[in-house]
Amino acid sequence: MSETVNWDTLIRNALIFDGSGQPPIREDLAIAGGRIAARGPALPAEQAREVIEADGQWLMPGLLDIHTHFDLEVELAPGLPEAVRHGTTTVVFGNCSLGLAYGAQRRNGEDPIVDCFARVENIPKPVLAKVVDQVQWSDSAGYLAHFDALPLGPNVVPLLPHSMLRAEVMGLRESVSRYPTDEELKRMEALVDQAMQEGYAGFSTDALPFHYLANDPHRRTKIPSQWGSFKELRRLTGVVRRHGRVWQATPPKDSPPQVLRNFLLTSGRLFGKPLKITAVAALDIATNRGIAKLGKLLSRMLNSKLIGGHFRFQALAAPFKVYWDGPINPLAEEIDELRELNEPDLDEQAARMALLDDPAYQQRFRKMWRHGKSGFNLANLARLLGRERMAFSRRLEDMVFVQVPGDVDALWKDETFQAVFARLQRWQATGQGARSPAEAEVFGGFPKPVEDDAAFVLHLFRRYDLDLRWYVISANRDPAVVKELLFNPNVLPGFNDSGAHLTNMAFYDANLRGLQIAQADGLDRVAWHVKRLTRDPADFFGVRAGRIEVGEQADVILVDPEALRGYDSDANTHRIHREAFQNDQMVNRSDGVVRLTLIAGKVAWSVDRHGERLGVERMGRLLRHRSLEPSAGLANTPQQSLASAA
């Protein structure tokens, strides 16, 4: 071998899953100049500046997180530390019609970024304002260009967001009150076409019926993407189809005919060329167990030879465990009476209290909460059969206390609302049943008698407001169903929502949890699932990522299979304070599972700490669609192929 070959890093004796889905091979990997320079058995250690012994560890391409809202965090903490610690090296954002592609868009007193993100993604307004205040660009090209100046951790793949597009062309006020004129629609088409030419991987829309704006006078108005007609959707996605890009969608879930009509846009039979669609989400909803079955049936139909589509739902490799701050939670927005409590800003406690003290509101709340829980009627039958329309379970058995101010905190932590409610009822009836004097004192503050579960929950909201922390597992309770959805070939793993819902969800480790599920079935299943977390989504979104091949960017991770096997995500989910946000955030700590995260050959994460240069030195880069990317290669980099290493 030539003595001029000089590698920066040599990873020795790892079990390599290269992203192809083929069985793993134990061999070495060399990195030079940020790219993979050689791969093979027994590569000469003397040719490397650093040698990493990886015996017993898995080496694989860095993982893709395809459904994130890191658009905001990347501006405040571009290293994205909560991503890289879990082996994520590429993130897709601009999802759900929201993003920063057109800058701050602050015109005529409007503040679209804050207005759209605050409630849809449960991000406090001060955090959003901190981002928008520093925005310097005003068009889709400027947005892409500004990433060149950021010390990125992971690679970033932006989508063009529909809500922001409508606000750009029509203004926010007009975008949430009417359809566009023909001239406005033509302008939207031109901007989508321009963005695709600039390299955007796709276009995102939103049709979930409980996504509302957060500023006056629009707090009871849905976000701009909700106001688009099918004609608008067909024309804009037609541009996406022509460029061979991705449409990321959320469905109008309460209207199955509209869902079918919208998703039939994927059809190559009907439209001459398939449109790639990825949709939220393949979840096993606890209140409606039929949704998962319908989703699988719809996917099979859309991808059939008859329809000729290219359609992928997104799956979450974890129970859908969502935390509530009092009545504040994204699921609350689905229900009118709970949405009213989410309309005031987080710091507007007086507004929530006025509502909770209003007898007319209390009556509305009780009617909603008790709906279908008694009598013989269609609502009760739907509830008994597990076919309710709302995703939020109103069963006290499903609600679990996390934190309660005062002396009952230790008593109630990890207890269900039902257990405490039952003790309260017994105490009110007999004077017995309280577990301590402190609990008896708290029970004394409840209405007597507490009429039912609705009165119990109303009192909790009134007494504790946002200081009451609790959770519900609203979907994916059955591990067997989660596994079936996760490994379905018509599904992409990755509905993680990373970067959103700061204090409500924490699924940054969901890709690792998917690997953990695959691990139980053996190495062949792991190899297949690595492909689904790397090469498959990279190919779907049309970006250069997800491969261990000579010449590709060295985005690789080392995973400790024994640490992965024993990892307990629930036990390692915490609420911390993030200085970058000046706000709390729910996070996961899988430290030790991912032993090393390299992005362009640079250390982003090692064992239990971030690399020293993460967020300071550029690691990842903007990934445009591969049709605009220069071909990979090592023309100016010391390299060594497997053949020449022999």
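A crossing of two helices is left-handed if the near helix is turned anticlockwise from the far one by less than a right angle, and right-handed if clockwise. This is a predicted model, in which local features need pLDDT of at least 70 and side-chain atom pairs count only at pLDDT 80 or more, while totals for chains, interfaces and linings use all residues. Residues are numbered from 1 along each chain as its sequence is written, and side-chain values use heavy atoms, with hydrogens and water left out.

By the handedness convention above, the crossing of α22 and α23 is right-handed. Helices are DSSP runs of H or I with at least four residues, strands are runs of E with at least two, and both are numbered from the N terminus. The axes of α22 (residues 510-519) and α23 (residues 523-533) come within 8 Å and cross at roughly 155°. The two helices are therefore roughly antiparallel. Axes here are lines fitted to C-alpha atoms, for helices over the stretch in contact, and angles run from 0 to 180 degrees between N-to-C directions; those under 35 degrees count as roughly parallel, over 145 as roughly antiparallel, 65 to 115 as roughly perpendicular and the rest as oblique. On the α22 side the contact (heavy atoms within 4.5 Å) is made by Asn511, Gly514, Leu515, Ala518 and Gln519, and on the α23 side by Arg525, Val526, His529, Val530 and Leu533. These residues divide into 5 nonpolar, 4 polar and 1 charged. In this classification Ala, Val, Leu, Ile, Met, Phe, Trp, Tyr, Cys and Pro are nonpolar, Asp, Glu, Lys and Arg are charged, and the others, Gly among them, are polar.

Another helix pair is formed by α10 (residues 256-263) and α12 (residues 290-302), whose axes lie 11 Å apart at an angle of about 30°. That angle makes α10 roughly parallel to α12. Their crossing is right-handed. Val259, Leu260 and Phe263 of α10 meet Leu298, Met301 and Leu302 of α12, a contact with 6 nonpolar, no polar and no charged residues.

On a 1 Å grid over the protein atoms alone, a cavity is a set of points where a 1.4 Å probe fits but cannot get out, and a pocket is an open set with protein on both sides within 12 Å along at least five of seven lines; lining residues have an atom within 4 Å of a point. Of its 30 lining residues, Ile123, Pro124, Lys125, Leu346 and Asp347 are the closest to its centre. Two or more lining residues come from each of α3 (112-120), α4 (125-132) and β20 (583-588), and α4 gives the largest share, 4 residues. By class, the lining has 12 nonpolar, 6 polar and 12 charged residues.

The whole structure holds 2 cavities of 30 Å³ or more. The largest cavity, of about 60 Å³, is lined by Pro61, Arg544, Ala545, Gly546, Arg547, Glu552, Gln553 and Asp555; 2 of these are nonpolar, 2 polar and 4 charged. The second largest cavity has a volume of about 40 Å³. Leu72, Glu73, Ile123, Val127, Gly499, Leu502 and Phe581 line the second largest cavity, with 5 nonpolar, 1 polar and 1 charged.

Finally, Ala207 sits in the loop between β10 (202-204) and α9 (230-243). Beyond its neighbours within four places in sequence, Ala207 is in contact with Gln226, Thr250, Pro251 and Pro252.

Technical notes:
Grid points are joined across faces, edges and corners, and a volume is the space filled by probe spheres set on the points.
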